[in-house]
Amino acid sequence: MKRSWLLLRFLPISGLVALLSGCGVKGVSALIPMGKEAREQAWLMYLSLGIMVIVILVVASIYFYVLIRFHKRKGQEDYIPKQTEGNKILEIVWTVIPILLLCIIAVPTVKQTFAQSDTDVPKSQKKDVLQVDVTAHQFWWDFKYPDQKIETAQDVVVPVGKTVIFKITSADVVHSFWVPALGGKIDANPGQTTKLKLTPENEGVYRGRCAELCGSSHALMYFNVKVVSQSEFDQWVDGMKKGPEAPATASAQEGQELFKQNCMSCHAVGKEGGPVAPNLTDFADRKMIAGTLDHNKENLIKWITNPDAVKPGANMPARGMNKNLTDEQIQKIADYLFTLSVK
Ligand code: HEC
Ligand SMILES: [Cu+2]
């Protein structure tokens, strides 16, 4: 066989390796767990994988041993080996071993499945958990903190080491809430509340996404979980309650007026404004625009000018409520939105 052909045969394998190595990116991967539940799930995956590898090694070793030891040799053309039928001991052994292996996988799996799906918090422990109410929309995420009485969107902020109970629903179609690095995934169904318990153990930003095909921009329906220290979280909550400071520059002040007239029927800042679009109180502190663009002014202008070009099917009109904002006005609104920080 030509050498180039031989190399070609390795292409699918190298492709697979490249693909699988993409599964190991920190912050987005279930294989690099950053929370208690994710760690337990990864452990279960490695347990099953370990047992499967042992089975493959044993079976493959026997296979190759038999292949080499008993292959037909020169002068044996007419030789027929001893014929046997049935072997009770062997059959018992190869039935019992898989049963044992499956038990080793099943016991911790069943135990952890029940433990992780237990989201009832006893009254005495209520203050040790944080509740976040999640509403999925085409194609964005709303986060309400009922105890803190604050609301944000796209970037959910939680303290490290604390168990968070996400109560999840949908405003339109079926979505699915998934943060691989923190573990688990659960459907967001309209008219129903599902619960997911996550306990982040490391500070950082973890990518979440919708995991249920929900429309034309499903693939762009990202969000972030920002895990911060308890004190940073308390500061954030205070900031959210107070709201951002009034804009200082003339351009941003004009932008605020334009925003009130053209955007606030849908978007809220602090307690003012409509509930049908992402709450923008801490917009300047976010990691992304609409969950998909890098967070800078240029992209914000691009978004306001034509959201549909960024996220096909996004429920936001181009150039404001009356679709008539000029480039200059959009620039001013962008200046204003970048003052919306609660830090
Ligand atoms: C008819 C309601 C509506 C109006 C009016 C509207 N928006 Fe939106 N906006 C939305 C919706 C819905 C989304 C979420 C889209 C998505 O991500 O799928 C959104 C998303 C955004 C985002 C991204 C939010 C984030 O957290 O990343 C920004 C910024 C924004 N809008 C700014 C504006 C500005 C500025 C105006 C006024 C010029 C405006 N919007 C007018 C409905 C509206
Ligand atoms: Cu979705």
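This is a predicted model: local features need pLDDT of at least 70, side-chain atom pairs count only at pLDDT 80 or more; totals for chains, interfaces and linings use all residues.
Local features need pLDDT of at least 70, side-chain atom pairs count only at pLDDT 80 or more, and totals for chains, interfaces and linings use all residues. Residues are numbered from 1 along each chain as its sequence is written, and side-chain values use heavy atoms, with hydrogens and water left out.

A nonpolar core is a set of buried (under 20% relative accessible area, 1.4 Å probe, protein chains only) Ala, Val, Leu, Ile, Met, Phe, Trp, Tyr and Cys residues joined through side-chain atoms within 4.5 Å. The largest such core has 36 residues, and those with the most contacts inside it are V132, W141, F143, Y145, F166, F177 and W236. Among the elements that give two or more residues to this core are β1 (129-137), β5 (163-170) and α5 (230-242); helices (H or I, at least four residues) and strands (E, at least two) are DSSP runs, numbered from the N terminus. Apart from this core lies another, of 23 residues, including F283, I289, V310 and L340. Leaving aside residues up to four places away in sequence, W236 touches (heavy atoms within 4.5 Å) Y145, I150, T152, V157, D282 and V342.

The axes (lines fitted to C-alpha atoms, for helices over the stretch in contact, with angles from 0 to 180 degrees between N-to-C directions) of helix α7 (residues 297-305) and helix α9 (residues 327-337) come within 9 Å and cross at roughly 125°. The two helices are therefore oblique to each other, as angles under 35 degrees count as roughly parallel, over 145 as roughly antiparallel, 65 to 115 as roughly perpendicular and the rest as oblique.

V59 is found in helix α3 (residues 36-69). This residue is exposed (over 50%), with a relative accessible area of 52%.

How values were computed: Chains are lettered from A and ligands numbered from 1 in the order in which they are written.
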